[in-house]
Amino acid sequence: CYLGVSVATVPSENRFRSLLNERSRGGYIILANYYSSQHRYSEANGVITQANWIFPDYGRVRKVNGLLIGGDFESAVDLAGSLVRKDPTNPDFLHLLGKVFDRRGLLDSANRYYRLSLDHNPYSSVVLCEFGQLLMKQGTFALALEAFTKANTLPPPPPRSEVLENLAMSY
């Protein structure tokens with residue numbers, strides 16, 4: 001049993017490795033989480049290092065999240081927008097800009113960027129859930145239910161360990 005889930009339902013290491021082809025840092029984080037859950041910390045650290053080398057703008061993503069927490073929406077929009085302009089097909093950057101617009105109350109713009117993010121990565125349960133919440137705010141409950149249902153059918157990512165979180169935050 002793997003945190004209440006039978007081992008047969010946990011995707012194999014090959015499935016995690018296949019996530020690296022999705023052009024998203026999230027695939028690397030999932031693989032690193034998997035290694036960490038298997039107590040393969042040096043491999044987890046290697047994957048995080050590789051992700052940070054391939055996706056160097058993720059320090060700026062953390063900065064946008066910090067600006068959101070601090071309520072500096074204008075700076076968050078500017079920085080997230082610059083990331084999207086730099087790589088307009090990156091689902092993480094599109095999601096981030098959607099989240100910024102959502103928090104700012106610009107729901108139509110948020111809807112656009114959540115949809116663009118899902119166009120590039122339709123298997124992100126995080127984006128699907130946030131998109132579903134946005135659709136509820138917009139009063140489109142049937143579409144929100146579809147987003148939540150799809151998110152609920154996706155396999156859960158492996159658990160994050162404190163070691164991995166500290167590695168990811170330290171870069």
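Trainee: What percentage of the residues of the protein chain count as buried, and what makes a residue buried?

Mentor: Of the 171 residues in the protein chain, 40% count as buried. Buried means under 20% relative accessible area, exposed means over 50%, and partly exposed lies in between, with a 1.4 Å probe and protein chains only. Before we go on, this is a predicted model, in which local features need pLDDT of at least 70, side-chain atom pairs count only at pLDDT 80 or more, and totals for chains, interfaces and linings use all residues. Residues are numbered from 1 along each chain as its sequence is written, and side-chain values use heavy atoms, with hydrogens and water left out.

Trainee: How many helices and strands does the protein chain have?

Mentor: There are 10 helices and zero strands. Helices (H or I, at least four residues) and strands (E, at least two) are DSSP runs, numbered from the N terminus.

Trainee: How do you know that the span of helix α4 agrees with what it should be?

Mentor: The expected span is 1.5 Å times one less than the number of residues. For the 13 residues of α4 (residues 58–70) that should come to 18 Å, and the end C-alpha atoms are 18 Å apart, so the two agree.

Trainee: Which residues of α4 are buried, and why are they said to be on the same side?

Mentor: Y58, V61, V64, L67 and L68 are buried. They cover an arc of only 155 degrees around the axis, which puts them on the same side of α4; the arc is that of the directions from the helix axis to the C-beta atoms. On the other side of α4, K63, I69 and G70 are exposed.

Trainee: Why is K63 called exposed?

Mentor: The relative accessible area of K63 is 52%, so K63 counts as exposed.

Trainee: What makes the second largest pocket a pocket, and which residues line it?

Mentor: On a 1 Å grid over the protein atoms alone, a pocket is an open set of points with protein on both sides within 12 Å along at least five of seven lines, and lining residues have an atom within 4 Å of a point. Among the lining residues are R115, F131 and K150. Helix α9 gives the most to this lining, with four residues.

Trainee: How many nonpolar, polar and charged residues are in that lining?

Mentor: Seven are nonpolar, none polar and four charged. Ala, Val, Leu, Ile, Met, Phe, Trp, Tyr, Cys and Pro count as nonpolar, Asp, Glu, Lys and Arg as charged, and the others, Gly among them, as polar.

Key:
On a 1 Å grid over the protein atoms alone, a cavity is a set of points where a 1.4 Å probe fits but cannot get out, and a pocket is an open set with protein on both sides within 12 Å along at least five of seven lines; lining residues have an atom within 4 Å of a point.
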